[in-house]
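Open your viewer and get ready to select some residues. We will go from stop to stop, and at each one you will hear what to look for.

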Amino acid sequence: MDQMSPDNINGVILAVSSSIFIGSSFIIKKKGLKKAGASGVRAGEGGHGYLYEPWWWAGMITMIVGEIANFAAYAFAPAILVTPLGALSIIFSAVLAHFILQEKLHMFGILGCVLCVVGSTTIVLHAPHEQKIESVKQVWKLAIEPGFLVYSAVIVIVVLVLIFYYEPRYGKTHMIVYVGICSLMGSLTVMSVKAVAIAIKLTFSGNNQFKYFHAWIFILVVATCCILQINYLNKALDRFNTAVISPVYYVMFTTFTIIASMIMFKDWASQSGLKIATELCGFVTILSGTFLLHKTKDMGNSESVSGRGSASIPRDRDTPVFTNSGSGRSSNSEKIAS
């Protein structure tokens, strides 16, 4: 730590604090969503009763505090230090879900979570360094170059297709729809957050960046993307296991963010073959962890039911990946318990 600059130390402290708050917010918000769903229309069914639930607002405040800390961390430290620490939110979320929400995670699920964290951290730590940015206008020039404009257009088109075609048909049963929307928009959010954070830091140092319209456009993008992410993250939390949502969301969000950063800042051209090979290993690790998580996500609950002295519940072999089969299993569990 004595070799780190004061700015980097501040960034690390803020990033760790952000992970604690964000990881906790998943659990607090879901507790509110469950209470709201018990007395009205669930968020996954289009209900908004959670807006009257104090637990949900407590979770929202906790998440906002975490996001502000994360926002500030990007202003002090490079993404290569801030982004890997976001994996800590997975650990806090999984542990709290186990003890507070009784969402049991089998030991192979825990191993899958660890693999996701290790793989994501490997990719981020070996990602190319971003170029030094000294003004919001410099970020704007990078954002309007053809490569990033094409990436942004593709992201927006895919998100619109997910929202208007796949979400009404498969959103209630396939977690990847909700998480995909949040992750894709998240990659654009981080690029804009980086620009706004730089603008705020330079402004506080005496070089006002908010006199340029570019800064306000980035703020508008951040606000729009955050509203979309909050809406669909609520739906995902209401219908699927929190301990599974957190790592998958982190993995997809990190992956798309790295891709967006590489395209926007063009640092990929300076990578060596060793770093590229390491990143590929990280992707394989992530895929392995994600597969393990989804294949064992109900195993802990099944064992707790079968441990009561009854026959174990048969698993569906053809269950689609990233689906929620909890409703069918809960009815079987109630029969066995009775």
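**Stop 1: where to be careful**

Where pLDDT is low, predicted coordinates should not be read in detail.

This is a predicted model, so local features need pLDDT of at least 70 and side-chain atom pairs count only at pLDDT 80 or more, while totals for chains, interfaces and linings use all residues. Residues are numbered from 1 along each chain as its sequence is written, and side-chain values use heavy atoms, with hydrogens and water left out.

Now colour the protein by confidence: the average pLDDT is 76, and 76% of the residues score at least 70. Which helix has the highest confidence? That is α7, at 94, whereas helix α13 (residues 326–337) has the lowest, at a mean of 39. Helices (H or I, at least four residues) and strands (E, at least two) are DSSP runs, numbered from the N terminus.

**Stop 2: a salt bridge**

Select Glu 167 and Lys 235, whose side chains meet in a salt bridge at 3.5 Å, N to O. The term means a side-chain nitrogen of Lys or Arg within 4 Å of a carboxyl oxygen of Asp or Glu. Glu 167 belongs to helix α7 (residues 146–170) and Lys 235 to helix α9 (residues 213–239), so the pair ties together parts 68 residues apart in sequence. Are these two residues buried or exposed? Both are buried, meaning under 20% relative accessible area, with exposed over 50% and partly exposed in between (1.4 Å probe, protein chains only). A search of the whole structure finds one salt bridge.

**Stop 3: rings**

The whole structure has nine aromatic pairs, counted when ring centres of Phe, Tyr and Trp (its six-membered ring) lie within 6.5 Å; planes under 30 degrees apart are stacked, over 60 edge-to-face and the rest tilted. Select Trp 140 and Phe 213: their ring centres are 5.9 Å apart and their planes at 70 degrees, so this pair is edge-to-face. Trp 140 is in helix α6 (residues 136–143) and Phe 213 in helix α9, 73 residues apart.

Methods:
pLDDT = per-residue confidence, 0-100.
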